[in-house]
Amino acid sequence: MKRLSRYRRHKAAGPVLLIIALLAIGTTFSVASATVKQSPTTFARSAAIDEGKQIFLKGCSSCHGLNAEGGSIAPSLIGVGAASVDFQVGTGRMPMADMSQQAMRKKPVYNAEQTAALAAYVASLAPGPAIPDDSVLNYERDGNTAQGGELFRNNCAMCHNFAGQGGALTQGKYAPTLMGVEPKYIYEALITGPQSMPVFSDKTITPAEKLSLIKWIKSAEAEPNLGGATMGRIGPVTEGLLAWILGIGLLIGIAVWLTTRAR
Amino acid sequence: MTPVEKTIGKVANFADERLGAAGWVKKSLNKVFPDHWSFMLGEVCMYSFVILLLSGTFLTFWFDPSQRDVIYNGVYEPLKGLKMSAAYASTLDISFEVRGGLLMRQIHHWAANIFMAAIVAHLLRVFFTGAFRKPREFNWILGILLLTLGLVEGLFGYSLPDDLLSGTGLRITSAIIQALPVVGTYISFFLFGGAFPGTGFIPRIFTLHILIIPGIFLAVITIHVMLVWYQKHTQFPGVGRTEKNVVGHPILPVYMAKAGGFFFVVFGVIAFLSAVASINPIWLYGPYTPGQISAGSQPDWYMGWLDGLVRMAPPLETHAFGHTVSWNILIPALIVPGIVFTGMALYPFIESWITGDKREHHLLDRPRNVPNRTALGVMSITFVMVALINGGNDILATNFHLSINQIMWFSRIGIFVLPPIAFVITKRLCLSLQRADRDLLLHGSETGRLLRLPHGEFVEVHEPISAEKAFLLQSHEQPLALEISEVDSRGVRRPGALKNKVQRRLSKAHAVSVPKVSEQELKEIEHH
């Protein structure tokens, strides 16, 4: 050690130490990060990101901006996450058909692969909610219908109606029907809050509760029409209409028939 | 005489000697009822009321009118294990576990909807044909009372199951009560037994719904029908029908058979609806908790127009002397309906004041021959329809992809603009129909046969109408405008000149009509 300490005031000592330190940190980092990054999908993912970027530039950038930074007519997509893209593009809401109050559900423009590529690209811009894995979505096993119903009436029914049939919001916006919506999309809508919908974070509604919600919605969807024709499950408006048209209509018809003189 | 007839005769004689009923029965059974389909609307009301009584009694056997908490443990899976009121749980049990319970519930509810619809249809018939005129003003007021009672009874009925929708309705009810200045809060606390929702309201409205109001209903309906019996039924004008007679079928056997059969028809239609169409699916709404609400919460149709008026009211409130007056609730939910129902009840007297007609009327008017009244009726219907449309504004918005705000603005403007337009159009239509009647009488009906005259002119052949029809088109009397001068015989201005002026103006407007064909003109036609 004495021999080494002899050089400690040497003018090369500083730079050499710096180089040694940098080498050590760099080596440690490369070894450590290599164990994480060395997955076989790395190249596939970056290819998907590239493909997603190409699709984005062609189909989305005119509104959302060349770098997804948003513009006067469309929001920034930085940080919205893969789940948001999967929901919006997978349900056909994006790209929008026109600049109406609200994007409506329609036939998707992009196929599953392209949607995944777009999602990967947007997710690569900044971290955000990821697409829930199928293993997470086992609502049949992990959900509770009655609890889901209670959660639904507390959090969802005020917009989506008591039976998930949808309802009106202001200025022509609306909460769409939840009948026939895939569990994945319900989950994604909950965590990303598309359009007028608020985000229901895992703190507000835990993942398990989200599954209960989905289970209740699915049971409402499958519920047989116990009392006969439901007329849309939208409450007394259609009931009143039927009472007048069919009820009073039939009775007046019969009254006319009863008072017709035999000829 | 067969032995059976002998026995019946003995029994009848026994009764007659003690009760003196023979004369009354004979007189009653010889009463004659005129035939017209619109005269059966009142019967629909009565029969659906009977069905309401029967099905309602059935429901009380299982319904538990209590707001105490229970844990649901019945057969309906999606609600299992939830805390709810005993009222809601027992309604679920009626729906799913009582044999025929759901059908009975649906019969009860459909019958209620049809009961109210038939009352309105009946009321419109009576109004447009002028059947409310002297001597039937009192019966008209009883009818308005029955309509009002029906609204309240219906509200209480769909509030009883304590589901999410009915609780929402009660929340609004309590808000309307609280909107009464000064006393509102106290009354609300008194009725609900504390702050909303309290624990007392369901049992209380149960007593009202199954005992007090049906009792009043029964009494008023009895008087209503007895008065028709006593005053005899009105009839449409026609050959041989006068203010002094009634042309139709006697009670026995024709009328009785038809009416009895019609009860089963009404029951059949209601049972059919109940068997094929769901109504008030309370299991989907879930139990009521004040923290929850569903999109598209609506009252039953007969309350919908009141809901629509409340929905369109702009947010007006004043604060004075420590009290809040919510005009946005007070005006649409209490003041406007108050004016509407009072105006309806007083209308017979208002009209007779305008026309100065104090005579008895047993022959009905054809709506076109009283343009002002008909126009007023259509104007009122338009008012209620605009309000009703706004009551369903959210349902319309979602189903027809409209903006709820635009529907609301349409209603806010339409509620003032459309009724007067409807009035003018209806009055014009009535006058045009009168003109058409006049043409028909003078020129006969068009046959569609074209004739070419020798000099080349084409004419359409008209055929004279039948004598019955001609009588119908010509027999009504046309009201004359009242002659009220502002000064008396000595040239001194009368007291109450303004009142007279209003009366004269209204009377003049009421008397506007196309002059009907005179005897003179008819004679000239015969000479042709």
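Residues 143–221 of chain A are 51% helix and 5% strand, with end C-alpha atoms 15 Å apart. Keep in mind as you look that this is a predicted model. That stretch is one of two in chain A, 47–126 and 143–221, that UniProt, in an unreviewed entry, lists for "domain: Cytochrome c". Over residues 47–126 of chain A, the chain is 51% helix and 0% strand, and here the end C-alpha atoms lie 17 Å apart.

Now zoom in on helix α10 of chain A, residues 183–192. Is this helix enclosed or open? Eight of its ten residues are buried, so the rest of the structure largely encloses α10(A). The buried residues are Pro183(A), Ile186(A), Tyr187(A), Glu188(A), Ala189(A), Leu190(A), Ile191(A) and Thr192(A). If you are counting neighbours yourself, a residue is buried here when 20 or more other C-beta atoms lie within 10 Å of its own. And what does the covering? Among the elements over these buried residues are α5 (81–90), α7 (139–142) and α11 (207–222) of chain A. Just past the end of α10(A) comes Gly193(A), which adopts a positive phi of about 60°.

Let's move to chain B. An unreviewed UniProt entry places the feature "domain: Cytochrome b/b6 N-terminal region profile" at residues 11–237 of this chain.

Where do the two chains meet? Contacts link 57 residues of chain B with 51 residues of chain A. On the chain B side, at least two residues each come from α5 (101–128), α7 (164–178), α10 (251–276), α11 (282–285), α12 (301–312), α15 (393–399) and α16 (404–443). Sorted by class, the side of chain B that touches chain A holds 34 nonpolar, 17 polar and six charged residues.

Finally, follow chain B to strand β7, residues 445–452. How many of its eight residues are buried? The count is zero, and β7(B) is hardly covered. This strand does have a partner, though: five bridges join β7(B) to strand β8 (residues 458–463) of chain B, and the two run antiparallel. Within that pairing, Glu446(B) has His462(B) in β8(B) as its bridge partner. Together β7(B) and β8(B) make a hairpin with five residues between the strands, and in the turn Gly456(B) has a positive phi of about 100°.

Note on methods: Residues are numbered from 1 along each chain as its sequence is written. Chains are lettered from A and ligands numbered from 1 in the order in which they are written. This is a predicted model: local features need pLDDT of at least 70, side-chain atom pairs count only at pLDDT 80 or more; totals for chains, interfaces and linings use all residues. UniProt positions are given in the numbering used here, feature names are shortened, and annotations may be inferred rather than shown by experiment. Two residues are in contact if their C-beta atoms, placed from the backbone, lie within 7 Å. Helices (H or I, at least four residues) and strands (E, at least two) are DSSP runs, numbered from the N terminus. Ala, Val, Leu, Ile, Met, Phe, Trp, Tyr, Cys and Pro count as nonpolar, Asp, Glu, Lys and Arg as charged, and the others, Gly among them, as polar. A residue is buried if 20 or more other C-beta atoms lie within 10 Å of its own, exposed if 12 or fewer, and partly exposed in between; C-beta atoms are placed from the backbone. Two strands pair if DSSP finds at least two bridges between them.
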